[in-house]
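Hi,

I am passing along the structure we talked about, and my notes follow below it. Please have a look at it first and then read on.

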Amino acid sequence: MDALDGNAIAGLLFDVFGAEMTTATSACASCGAAGRLAELQVYLRAPGTVACCRTCGSIQMVLVTIRGITCVDLRGVDVLEPAAS
Amino acid sequence: MERAAVLGRLNWQLATVVELVDETMRTKSIVLDPPEWAGHRAGQHVDVRLTAEDGYQAQRSYSIASAPQDGRLVLTVELLDDGEVSPYLVDELRAGDQLELRGPIGGYFVWEESLGGPLLLLGGGSGIVPLRSMLRHHNAIGSNVPARLLYSSRALDDVIYRDELARLAASDEVDIRFTLTRESPEGWGGYRRRIDRELLEEVAWPPSDRPLVYICGPTGFVETAASGLVALGHEPGRIRTERFGPTGG
């Protein structure tokens, strides 16, 4: 399955964070590379949604929605900075 | 709590289908009238949700094809054979039906005149949809930002918005180039191959002109175009990408 990118989970991220997040920046906890969430490598049915660092491939985020509740694992993210508005 | 006040919500709403337009054998444009629509930015998308009688739900993202100035919301959907959502949208949906959606969504793959240019748009297949919104926006505001589109399709019959793009191509306003990767008619004046480094070098402005690049299409197309431009010396920070995939069905 080809990976998509963070644009594909813009709605899901909005649900979780309450704001537009594809222009926010995350720093990878594994390699330190920083990039826009829109640029993450995203697998929509992993199962659940898995977003990986485009530089090193490490998992940054895992989001799983069951019965209307979304569990969010951000252990792969070192720093998350909202976009300057 | 002060923080709570700035948190937004994306609300689902039922939009009425006003009209359906055949674009190609496999793509249709859906003209919608959502009850609450504060406008969008060129390049944004909406989430569409279908609910079966037993409550099962399937959700997909579709790019907005219309410009913010168009006064109506248009999505263009490509039929994917194994898709869960697109067969319904392309084959079953009728004018007068209601479609559940939320949006507009996304802030990254967006072009506004304040971002400048020159504006280089690279589209593969149905990846043309958000780029068409940008071109219509560019046209609607009478922008002086130089704009160029390279659109890759399998065959001439697969070219979405063919007449509209041909009209635009004939004007001096934007530079539109087509490439057909599988079959091309005799006397075809466009390119006849998949994008590669030479084609990108020919179509893109020189890196010293610092074009602002938007690439949308299947993952393979996007990777080839983006890495090709970076290899030619274009700044990665001025290349924005959006990938479409079969998971978008």
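What radius of gyration would a compact globule with 249 residues have, and what does chain B have? The globule value is near 18 Å, and chain B has 18 Å, so the two agree. Please keep in mind that this is a predicted model.

Here is the overall picture of chain B. The chain contains 6 helices and 11 strands. Along the principal axes, its C-alpha atoms fill a box of roughly 50 × 50 × 30 Å. Buried residues account for 43% of the 249 residues. If you take the contacts in chain B between residues at least 6 apart in sequence, 72% of them join residues at least 24 apart.

Next, helix 6 of chain B, which covers residues 219-231. Its 13 residues should span 18 Å at 1.5 Å a residue, and because the end C-alpha atoms are 18 Å apart, the helix agrees with that expectation. Buried in this helix are B:Phe221, B:Val222, B:Thr224, B:Ala225, B:Ala226, B:Gly228 and B:Leu229. As a reminder for reading that list, an α-helix has 3.6 residues a turn, so residues three or four places apart point the same way. What do the buried residues of helix 6 of chain B pack against? Their partners in chain B are strand 7 (119-124), strand 8 (147-153), helix 5 (197-203), strand 10 (212-218) and strand 11 (239-244). After the helix comes B:Gly233, with a positive phi near 105 degrees.

Strand 10 of chain B is also where you will find B:Cys216. Is B:Cys216 buried or exposed? B:Cys216 counts as buried because it has 28 C-beta neighbours inside 10 Å, and the cut-off for buried is 20 or more. Leaving aside residues up to four places away in sequence, B:Cys216 touches B:Gly123, B:Gly127, B:Pro130, B:Leu131, B:Glu242 and B:Phe244. The C-alpha atoms of B:Cys216 and B:Tyr151 are separated by 9.9 Å, with the two residues 65 apart along the chain.

Finally, the contact between the chains: 18 residues come from chain B and 20 residues from chain A. On the side of chain B that touches chain A, strand 6 (98-105) and strand 11 each supply at least two residues. Strand 11 of chain B gives the most, with 3 residues. By type, the residues on this side of chain B divide into 5 nonpolar, 8 polar and 5 charged.

Best wishes

Note on methods
Residues are numbered from 1 along each chain as its sequence is written. Chains are lettered from A and ligands numbered from 1 in the order in which they are written. This is a predicted model: local features need pLDDT of at least 70, side-chain atom pairs count only at pLDDT 80 or more; totals for chains, interfaces and linings use all residues. Helices (H or I, at least four residues) and strands (E, at least two) are DSSP runs, numbered from the N terminus. The expected span of a helix is 1.5 Å times one less than its number of residues. A residue is buried if 20 or more other C-beta atoms lie within 10 Å of its own, exposed if 12 or fewer, and partly exposed in between; C-beta atoms are placed from the backbone. Two residues are in contact if their C-beta atoms, placed from the backbone, lie within 7 Å. Ala, Val, Leu, Ile, Met, Phe, Trp, Tyr, Cys and Pro count as nonpolar, Asp, Glu, Lys and Arg as charged, and the others, Gly among them, as polar. The radius of gyration is taken over C-alpha atoms; the globule rule is 2.2 Å times the number of residues to the power 0.38.
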